[in-house]
Amino acid sequence: MSSTKDSSKAHPTIFFIFGGTGDLTSRKLVPALYNLFLDGWMPDNFAVIAMGRTVYTDVNFREELLKDINQFSRSGKADAEQWKAFSQHVYFQVSDVQDSKTYEEQGARIRHFEQMWGEAPTVIFYLAVAPRFFSIIAQNLAKHHLADNPEKSRIVIEKPFGHDLASAKELN
């Protein structure tokens, strides 16, 4: 990893990306995370877990992302060694936002990484999905106690935030 910043003191972090097979993920989110990695801004212990209905293995998903990185990354085509170092932190979880199993699997992954890293990670839930799914996902995250810690949990909602003022206030 080429590093311009010492990321060894950064907290372990898990990024769950709902809508992990979408255009936003392939064109913006993963290239941005990859560039943060190249620039040394990612913590040593991190996981990017893309979620979606498409059936991918981790390996298949990483192959698809590499094509996107080569096309959309501001740093140009990926260096093989740097991509290998980054992509070992990338996973895919087949999921359905309305199925409790999805959130149970997220909880298991969080516990797995917490045990492996020896400390509770910061968990970021990025909702790169249609606005109609925001409340479904937020309610399920609450129901499964996945975002209970305000110091370690973040829910990021991709705009538009609701479809009018009333729905935006409800989401808030």
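Within helix H2, Lys-67 and Glu-64 lie three residues apart, about one turn of the helix. In this predicted model, their side chains meet in a salt bridge with an N to O distance of 3.2 Å. Lys-67 is exposed, its relative accessible area being 52%, whereas Glu-64, at 32%, is partly exposed. The limit that separates the two classes is 50%.

This pair belongs to a set of four salt bridges in the structure. Another of them joins the side chains of Glu-105 and Lys-101, at 3.7 Å from N to O. Both residues belong to helix H4, where four residues, about one turn of the helix, separate them. Glu-105 is partly exposed at 28% relative accessibility, and Lys-101 is also partly exposed, with a relative accessible area of 48%. A further salt bridge, 2.7 Å from N to O, links Asp-23 with Arg-27. These two residues are about one helical turn from each other because they stand four residues apart in helix H1, which covers residues 23–38. Arg-27 has a relative accessibility of 38% and so counts as partly exposed.

Attention now passes to the sheet. Five strands form an open sheet with parallel pairing, in the order E3-E2-E1-E4-E5. Its edges are strand E3 (90–94) and strand E5 (153–157), each of which pairs on one side only. From one strand to the next, the twist averages 20°. Strand E1 (residues 13–18) and strand E4 (residues 122–127) run parallel and are joined by six bridges; in one example, Ile-14 has Val-123 of E4 as its bridge partner.

Helix H4 (residues 100–117) lies across E1, E2, E3 and E4, and runs at about 160° to E1.

Helix H5 spans residues 134–143 and includes Asn-140. Is Asn-140 buried or exposed? Its relative accessible area is 12%, so Asn-140 is buried, the cut-off for that class being under 20%. Leaving aside residues up to four places away in sequence, Asn-140 touches Val-97 and Tyr-103.

Notes. Residues numbered from 1 in each chain as written. Predicted model: local features only at pLDDT ≥ 70, side-chain atom pairs only at ≥ 80, totals over all residues. Heavy atoms only, no water. Pairing = 2+ DSSP bridges. Axes fitted to C-alpha atoms, helices over the stretch in contact; angles between N-to-C directions. Contact = heavy atoms within 4.5 Å. Buried < 20%, exposed > 50% of the residue type's maximum accessible area, 1.4 Å probe, protein only.
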